[in-house]
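Trainee: I would like to work through a model with you. Can we take it piece by piece?

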Amino acid sequence: MSQNAAHPTGDPGRGDRPDDIGSAWNRPPRGSADPQERDSWVSGGVTFAGVLMLCSGVLSVLQGISAIARDDVFVRTGAYAYAIDLTGWGWIHLIIGVLLAVTGGGLLKGMAWARIAGICFAALSLVAQFLFLPYAVFWPITMIAIDLFVIWALLSRQEGAG
């Protein structure tokens with residue numbers, strides 16, 4: 001074995017060596033020198049997504065209870081293609097809220113089923129909040145943003161991370 005083969009020269013990751021072809025695909029993302037650093041950041045995002053799901057679920061339950069009680073908080077604005085009674089929307093939000101809270105708790109406990117369930121329930125919550133826009137504008141938009149972050153965080157997690 002030659003001296004060059006035992007101790008290659010060149011900058012690793014730049015493709016200077018013949019055996020380094022395609023190494024750019026194997027490097028960690030820019031801004032993260034350590035793959036474990038990226039994994040811990042993504043795992044932190046998953047933990048934060050679990051906390052957000054738990055809080056979002058509790059708030060959706062409260063939103064549902066308020067709609068079931070026909071609280072004066074919700075006022076329908078104009079004609080609406082998806083006309084469901086306010087009590088119906090209340091039950092929808094109550095059920096989705098319970099599912100979100102249970103799944104958020106599962107994420108915080110590291111349950112394997114919670115990641116896929118979290119993506120599905122956050123997407124369901126996102127659609128329900130979008131359809132609820134005529135009753136309240138700012139709150140559903142806030143909840144949609146939270147649901148989008150939860151979906152992104154759960155989809156970004158690598159299988160071996162965390």
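The questions below go from the overall fold to single residues.

Mentor: Some ground rules before you ask. This is a predicted model, in which local features need pLDDT of at least 70, side-chain atom pairs count only at pLDDT 80 or more, and totals for chains, interfaces and linings use all residues. Residues are numbered from 1 along each chain as its sequence is written, and side-chain values use heavy atoms, with hydrogens and water left out.

Trainee: Which pattern does the protein follow along the sequence?

Mentor: Helices (H or I, at least four residues) and strands (E, at least two) are DSSP runs, numbered from the N terminus. The protein has five helices and zero strands. Read along the sequence, the pattern is α-α-α-α-α.

Trainee: What percentage of the residues in the protein is buried?

Mentor: Buried means under 20% relative accessible area, exposed over 50%, partly exposed in between (1.4 Å probe, protein chains only). Of the 162 residues in the protein, the buried share is 36%.

Trainee: Among contacts between residues at least 6 apart in sequence, what share joins residues at least 24 apart?

Mentor: Contact means heavy atoms within 4.5 Å. Count the contacts between residues at least 6 apart in sequence, and the share joining residues at least 24 apart is 66%.

Trainee: Which residue just after H3 takes a positive phi?

Mentor: Look just past the end of H3. The phi there is about 80°, and the residue is Gly 110.

Trainee: Is Ser 125 buried or exposed?

Mentor: Ser 125 is found in helix H4 (residues 113-131). Its relative accessibility is 1%, so Ser 125 counts as buried.

Trainee: Which side chain does Ser 125 join in a polar contact of 2.8 Å?

Mentor: A polar contact is a pair of N or O atoms within 3.5 Å; within protein, one must be able to donate a hydrogen and the other to accept it, and residues adjacent in sequence count only if both atoms are side-chain atoms. Leaving aside neighbours within four places in sequence, Ser 125 is in contact with Ile 96, Leu 100 and one further residue, Asp 147. Asp 147 is also one of the buried residues of H5. The 2.8 Å partner of Ser 125 is Asp 147.

Trainee: Which residues does Val 150 touch, not counting those up to four places away in sequence?

Mentor: Val 150 is found in helix H5. With a relative accessible area of 1%, Val 150 is buried. Its C-alpha is separated by 10.0 Å from that of Phe 121, 29 residues apart along the chain. The residues that Val 150 touches are Ala 49, Leu 52, Met 53 and Ala 122.

Trainee: What separates the C-alpha atoms of Ala 123 and Ile 151?

Mentor: Ala 123 is found in helix H4. Its relative accessible area is 33%, so Ala 123 is partly exposed. Ile 151 is 28 residues apart from Ala 123 along the chain, and their C-alpha atoms are separated by 7.2 Å.
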